[in-house]
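Please look at the sequence and the structure below before reading the briefing. The points after them are grouped by topic.

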Amino acid sequence: MPVIAFANSKGGVGKSTTALALAQVFAKGSSGVTLIDADPNQPLARWAAQDPDRIPDTLAVLPDITEETIVDAIDTAAARNPFVLVDLEGSANVAVSYAIGRADLVIVPMRGSQLDADQAARVIKLVERESKAYRRTIPYVVIYTCTSPALRSRGFRHIDPILAENGIPVLAARWWNGRPSAPSSSSAARSTTSRTTKSTIPAPPSTTPKPWLRPWSPSSMSARQPRM
Ligand SMILES: Nc1ncnc2c1ncn2[C@@H]1O[C@H](COP(=O)(O)OP(=O)(O)O)[C@@H](O)[C@H]1O
Ligand SMILES: [Mg+2]
């Protein structure tokens, strides 16, 4: 059953929050969701432990998942539950690679900033490498988080068209303060998950080289340490 991994090597972009929100939506509407917490900081396991009563019966949070256990955890959960969501650490480690290798969809949350986009690009490159290694297309899609649909920051105005030009699929909806927002006309137009097809998995990304995956500029790279 569908395995959805949340990946971006940058921390604080909304991976855990988006995974949890989606898990709760699926838990309401389906017979079962497993939320795998593969972040050593255990944000979702801690959330679950705070108040176990608020967790619906249809939602299971699996804590303490490491690179040794993640593949079996995903496979076992996928055999039992209609949905498996995997929240990953904000880095590029072996567990992240394994989860991407098992995913039916990789959701790449990012805010509308160049720094986030740079790390998102690293994850997308990893997904594309794994697609080649496993000889199967692993679909991915970017979701803008913490990005107001009303206030289009300078970084967002720079990055959004570059993603569009390079055929990077972007979800029409954005997460803003915990609420999904209406899609902008530009992202709605190019989104592979428009209102009429929003329950479908995005079309496989193109495998053509993406110029935006290269460094933006020497000055923009100088403050960053590559993590992959
Ligand atoms: N859609 C959103 N709108 C506003 N704030 C958000 C949103 N998603 C996450 N946040 C906030 O951003 C911070 C980092 O989110 P988190 O999900 O922990 O990121 P990550 O898992 O990528 O490290 C948290 O304080 C969270 O409440
Ligand atoms: Mg997290």
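Helices (H or I, at least four residues) and strands (E, at least two) are DSSP runs, numbered from the N terminus. This is a predicted model, in which local features need pLDDT of at least 70 and side-chain atom pairs count only at pLDDT 80 or more, while totals for chains, interfaces and linings use all residues. Residues are numbered from 1 along each chain as its sequence is written, and chains are lettered from A and ligands numbered from 1 in the order in which they are written.

**Leu44 in helix H2**

- Leu44 is found in helix H2, which covers residues 43-50.
- Leu44 counts as buried because it has 23 C-beta neighbours inside 10 Å. A residue is buried if 20 or more other C-beta atoms lie within 10 Å of its own, exposed if 12 or fewer, and partly exposed in between, with C-beta atoms placed from the backbone.
- Leaving aside residues up to four places away in sequence, Leu44 touches Ser16, Leu20, Leu35, Asp37, Val61 and Asp87. Here contact means that the C-beta atoms of two residues, placed from the backbone, lie within 7 Å.
- Leu44 and Leu20 are separated by 24 residues in sequence, and their C-alpha atoms are 7.5 Å apart in space.

**Helix H1**

- The 15 residues of helix H1 (residues 15-29) should span 21 Å at 1.5 Å a residue, and this agrees with its end C-alpha atoms, which are 21 Å apart. The expected span is 1.5 Å times one less than the number of residues.
- Buried residues of H1 include Ser16, Leu20, Ala23 and Ala27.

**Helices H3 and H4**

- H3 (residues 70-80) packs against H4 (residues 94-102) at an angle of about 30°, and their axes are 9 Å apart. Axes are lines fitted to C-alpha atoms, for helices over the stretch in contact, and angles run from 0 to 180 degrees between N-to-C directions.
- That makes the two helices, H3 and H4, roughly parallel, since angles under 35 degrees count as roughly parallel, over 145 as roughly antiparallel, 65 to 115 as roughly perpendicular and the rest as oblique.
- On the H3 side the contact is made by Ile70, Val71 and Ile74, and on the H4 side by Ala95, Tyr98, Ala99 and Arg102.

**Positive phi in two loops**

- Most residues other than glycine have a negative phi.
- Asp64, in the loop between strand S3 (59-62) and H3, has a positive phi near 55°. With 11 C-beta neighbours inside 10 Å, Asp64 counts as exposed.
- Arg135, in the loop between helix H5 (114-134) and strand S6 (140-144), has a positive phi of about 55°. Arg135 is exposed, with 6 other C-beta atoms within 10 Å.
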